[in-house]
Every structure is written in C-alpha cells, then in structure tokens.
Amino acid sequence: MDERKKKISIEGVKKRFLSHDGKEVIALNGVNLGIYENEFVCVVGPSGCGKTTLLNIIAGLEHASEGKVLINGNPIVGPGNDRGVVFQQYALFPWLTVKKNVEFGLAYKYIKETDPSTGEARYRKLTKAEKAEISEKYLRMVDLQDFSDSYPKELSGGMKQRVAIARGYAMNPEVLLMDEPFGALDAQTRAQLQEDLLKTWDTEKKTCFFITHDVEEAVLLASRVVIMSARPGRVKEIIDVDLPYPRNQATKLMPRFNEYKNAIWENVYQEYLEVKR
Amino acid sequence: MLSKMNKGVPKQKERKLKDFSDGSARVRVLTMVLSVLCGVLLWYLLSILPGVGVILAGPQDIVNDAMPELMSDGSDGQFEAYLLLKHIYWSFRRVLGGWLIAFVIALPVAFLMGWYKTFRNILDPWIQFFRTIPPIALIPLVILLMGTGERSKISVIFITSFLVMTVTIYQGVKNLDLTLVKAAYTFGAGDLSIFIRVVVPSAFPFILTAARLGVSTALTTLIAAEMTGTFYGLGSMIQTAQIYFRMDKVMLGIICIGVIGFILDRLLLLAEKKLTRWQ
Ligand SMILES: Nc1ncnc2c1ncn2[C@@H]1O[C@H](COP(=O)(O)OP(=O)(O)OP(=O)(O)O)[C@@H](O)[C@H]1O
Ligand SMILES: [Mg+2]
C-alpha cells in the first residue's frame, strides 16, 4: 500500500499479564501497526487500554506474549539507544543534578568518525566537553538552563518533565517513544513544548511514537493518529491527518483541524463509554 | 430553622499552622545544652536524697572519687596511671574495629543479596536466625572458637553490627525505583553499569543509615563483648565496679560509652547531610 520504509512493524502482538491473584489480564489483544520512517504517530485511547504496554514492548522493556515487533526489519530483543523513551513518570535520577541527568545516557553513546590517517571508520565515546555542550543545548530548548545544577526534588512537576524531555532529545535516537510527556504540564508550557517538539522534528526528522490523552494535541502533532479500543487493547482505527507541516499553534485555527479533532474525539469518546459500561 | 440562620456564619479564628522544621540551629543547640544541664542537676538532687544516694552515685561522687582514682598520673604508686584513658582506648578500638570490618563485609553481602535471588535465599534464613539471638548468648561459643583475646571481642561486636547493617543496606537495595532501571536500560546501559550508576547511589542513604545503626549496635554490644574476659575496657570496668559496688565508676563508664556513641553518631550524621543533599 505505502512505498515508504517501515521503521517499526508490530504484527499480531498480544500481551498477557498475571495479576497478583493469579488472574490473567489481557492488555493487548492482537495489535497490528506499521510505523514509517520519520513519521509522527500519536496514540490515543481510554485509560488502561494498553498504550504504555505497547510502548514498553517497542522500547524492549517488555516482551510480547505473542506476535512480532521489528525495527528496521530486525526483531526487537531488548532495549537500546536507537530508541529513546520519555516516561509517564519522569524517571529522573534524584541523586544527580539536572545537567547530569541529561548527560546520563550520553556515556553509552558512540560517535562515528573516520580515522584521518587510514580513512577507516571508527567509534569513540563523547568527550566531557561534548556532553556538556549537548546538555546545555537541550536544557536551553526546554528553558531550564538556569536550573542545570538543581536537584530534581527542587523542581516542579512540569519542570521535571521538561528535564526528562531534554534527556530524551539529547540522546538523539532514531525513534522517540513518548508516554504522555506533556500530560502534567500547564497549558502554556504545554503549547510551548509542542511547538518545540514540532520544530525539532522538522529540522531533525525522527520517527516519533507519542501517547496522549489529548485529542487536540494528537491532531496538532501527528501525521497519523492511532485510536485504540478499550481493554483488551487493539488498534480500532488509524486516521491520516492531512494537514501540512511545518505546523504550529496557528494550525489549530484551520477549519480542517477542527474537523479532524471532532471526528477523532467522537471516535475515542465511544471507547470511553465502552469502558464505563 | 430561623434561629439557626440568624446566628450567621461563625467567625473564624486566625489559625497558626504547625511548624515541622527543626527551627534555628541556635535555639536547637541551646535547648539541648539546657536539657543536659537540667538532667545533671536532677541527677545530683536525686543522689543527695538520703534513701537514693546509697544506691545512685551522683556527679559529685564521680568528680571526688572515680576521677582522681582513674585519672591519677600514677605518681603515688597506688593507682595505675590514666586508667580511664586506657579503658576508653581499648573499648574504642574494639568498637571501631568490629564495626569497620562489619561495614566492609556487609556492603558487598547486602548488594549481592539485593542483586542475586539465589544468594538472598541462601543467606536470608541465617541472618534472620542470628538476628534474634542476644549477643550474650553467643559468648561461650565465641570463647571456645576464638579464645579470650582481642579477636573474640571484635567478633562479638562484628556479628551484631554486621547483621543490622546487612539488613538495612539490603532494604535500601530492595527499595530501588524500577523505572530508573528501565530508563537506564533504554540508554543502553549494561548490568554492571546499572549496578554502579543506579543501584548503588539509590541505596546510598540506606548505607549511611546502616553505618549509624551499626555504630550504636556495636556500642550496645560492648559490655557483652568484654564479658569474654579482659582487664582493660569500659565494659569490663563497669562489671568490675559492680562487683565492688563502686557505683561512681559504673556511672562514669556509662557516661563514657554514651558520649562516645553520641560523638560517633554526630560525625556520621554530618557525613550523611553532606553526601545526600539531593534527598
Ligand atoms: N505489570 C503489570 N502487571 C499486571 N497488569 C498490568 C501490568 N502492567 C499493565 N497491566 C494492565 O494492563 C492494562 C494496560 O495497562 P497500560 O499501562 O498499558 O494502560 P495505558 O493505556 O497506558 O493506561 P493510561 O492511559 O492510564 O496510562 C491495564 O489493565 C493494566 O492493569
Ligand atoms: Mg500509560
């Protein structure tokens, strides 16, 4: 159907959990989804439908009970820094300063360079100065450059999440997996970070998998919105958002924006009702 | 109904909220010093009561009787020179030695227990078993195995403080927030790296708490440890003084142990404050 390259393909993925009393919970029940290279996918669906579970499986933090998950055509066997994750709970290291938190993962990054004498490719770790430069850049992006020496406990919830986002960007992964990263933020900060994310995505195109509760946010960011059905989770519908990039907050004023928003909202709302019943 | 409404809204009094902080350092220290002085005064007053004074030696007895005897320079040939300092020196050595060895071994043991299930399952019943045994009960066994030298004293202190420190540090390792481990995995960290950069720092506050608990346990075990037979040591000094009913010496011994404990605890607390500012 589509000649674009598939970055990630999810084929018939099922996930069962055993609850503490030995009952089986089916979190995902046969999910099929292809994510194309450099596209921005947003996932919406009622609470408990398995969005985080799906993200964990792509991240390699959880194994599917059944089915296949491929990245670049290879099965995902575990976590790796080709995929960066921004967690729903910030997951900042409380004993490290903001700056050190952003630099934490850079210790595992190698950069490729060519040996000037032999012309061969070789890999080396980042230097201290390079790490500092990267953390500075991304902390400036989320407007936290003045807090680089603070500890996480000294920050508000929104600020913590901004650090987590900066940390995700700083790793410069091929795929960014984000679990409601803006959920805890106030409307202004949220709008600001949405713009930043769109801008960054425009300049350095990346494959993004973004979970949100906010339909408006999904339509603003996504090239495709995946609607999941209530538990056990499946893909209910995929909607192409045919609005031109680059987008910004003004995109929300386009009449088509609201058409998408209303259509998706109605679709998701049915699932919420389903959960209630 | 109407009369109720006529009363109107009751006027709210201004409410002072409870202050949960420690307050200013000056007030805190002053209160503590005053508390100690009042305690000593109360002790003095009790000791001069005719009925109580026979049993309870007062601070004046320590100054008049115990100190001249235990801190004499030995020139009159009657008392050994600076005996109290020797008692303190030997007890301090044993406490510090037992505690230090215990700490150095408790660290890897607790982390291995936290990291490897099998290791945990093998050690857990032993630790729980020995934890309930009072140290005095171990003495015959320790004397049989180690004799009556320094080794037996350090062993008794080692056992008790080792157990309490292992359990505390292990709790810290178990307390690990797994989302932090997940985050580290997604950055591409290996197991060793996660251990060093996530597990250890996250358990760090527990390590310091364990060290403090270990010191106080070591001190409370001192008397038992010195029951294995010795002349020098605060514990044996107290036991000997008890036999001769020298309550002034008993009280002095108790005070010395308490002061050593207080000083060591404050030092560790200082280290804790310095090292875990992020908490
Ligand atoms: N470790 C686990 N053990 C048992 N059940 C689990 C576990 N993790 C998730 N579940 C169950 O799987 C289902 C999906 O959970 P998941 O966290 O993926 O939902 P979600 O869509 O992310 O919800 P939300 O929008 O509230 O974050 C839930 O019913 C949950 O109870
Ligand atoms: Mg979730």
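In helix α2 (residues 98-103) of chain A, A:K100 and A:E103 are 3 residues apart and are therefore separated by about one helical turn. The side chains of A:K100 and A:E103 meet in a salt bridge, with a distance of 3.9 Å from N to O. The model described here is a predicted one, and a search of the whole structure finds 31 salt bridges over all chains.

Elsewhere in chain A, two backbone features were noted. A:D143, which is found in the loop between α3 (128-141) and α4 of chain A, has a phi near 65 degrees, a positive value in a residue other than glycine. A cis peptide bond, with omega of about -5 degrees, joins A:Y245 and A:P246, and A:P246 lies in the loop between β12 (235-240) and α7 (255-276) of chain A.

Helix packing was examined in both chains. Two packed helices are described by the angle between their axes and the distance between the axes. In chain A, helix α4 (residues 157-170) and helix α5 (residues 187-203) pack at an angle of about 5 degrees, with their axes 12 Å apart. Since angles under 35 degrees count as roughly parallel, α4(A) and α5(A) are therefore roughly parallel to each other. On the side of α4(A) the contact is made by A:R162, A:I165 and A:Y169, and on the side of α5(A) by A:T189, A:L193, A:L197 and A:T200. By class, the contact of α4(A) with α5(A) has 4 nonpolar, 2 polar and 1 charged residues.

In chain B, the axes of helix α5 (residues 83-115) and helix α12 (residues 234-243) come within 7 Å and cross at roughly 130 degrees, which makes α5(B) oblique to α12(B). Here B:L84, B:H87, B:I88 and B:S91 in α5(B) meet B:L234, B:G235 and B:M237 in α12(B). The residues of this contact of α5(B) with α12(B) divide into 4 nonpolar and 3 polar, with no charged residues.

The interface between the two chains was then considered. The contact takes 18 residues from chain B and 22 residues from chain A, and the area buried between chain B and chain A is about 1900 Å², of which carbon and sulfur atoms give 70%. The count of salt bridges between chain B and chain A is 0, whereas 5 residue pairs in polar contact, with both residues at pLDDT 80 or more, are found across the interface of chain B and chain A. On the side of chain B that touches chain A, the elements that give two or more residues are α9 (178-186) and α10 (191-220) of chain B, and α9(B) gives the most to this side, with 7 residues. By class, the side of chain B that touches chain A has 9 nonpolar, 6 polar and 3 charged residues.

Conventions: Residues numbered from 1 in each chain as written. Chains lettered and ligands numbered in written order. Heavy atoms only, no water. Axes fitted to C-alpha atoms, helices over the stretch in contact; angles between N-to-C directions. Helix = DSSP H or I, 4+ residues; strand = E, 2+ residues; numbered from the N terminus. Parallel < 35°, antiparallel > 145°, perpendicular 65-115°, else oblique. Contact = heavy atoms within 4.5 Å. Nonpolar A, V, L, I, M, F, W, Y, C, P; charged D, E, K, R; others polar. Buried area = accessible area lost by both parts, 1.4 Å probe. Salt bridge = Lys/Arg side-chain N within 4 Å of Asp/Glu carboxyl O. Polar contact = N/O pair within 3.5 Å; in protein donor to acceptor, adjacent residues only side chain to side chain.
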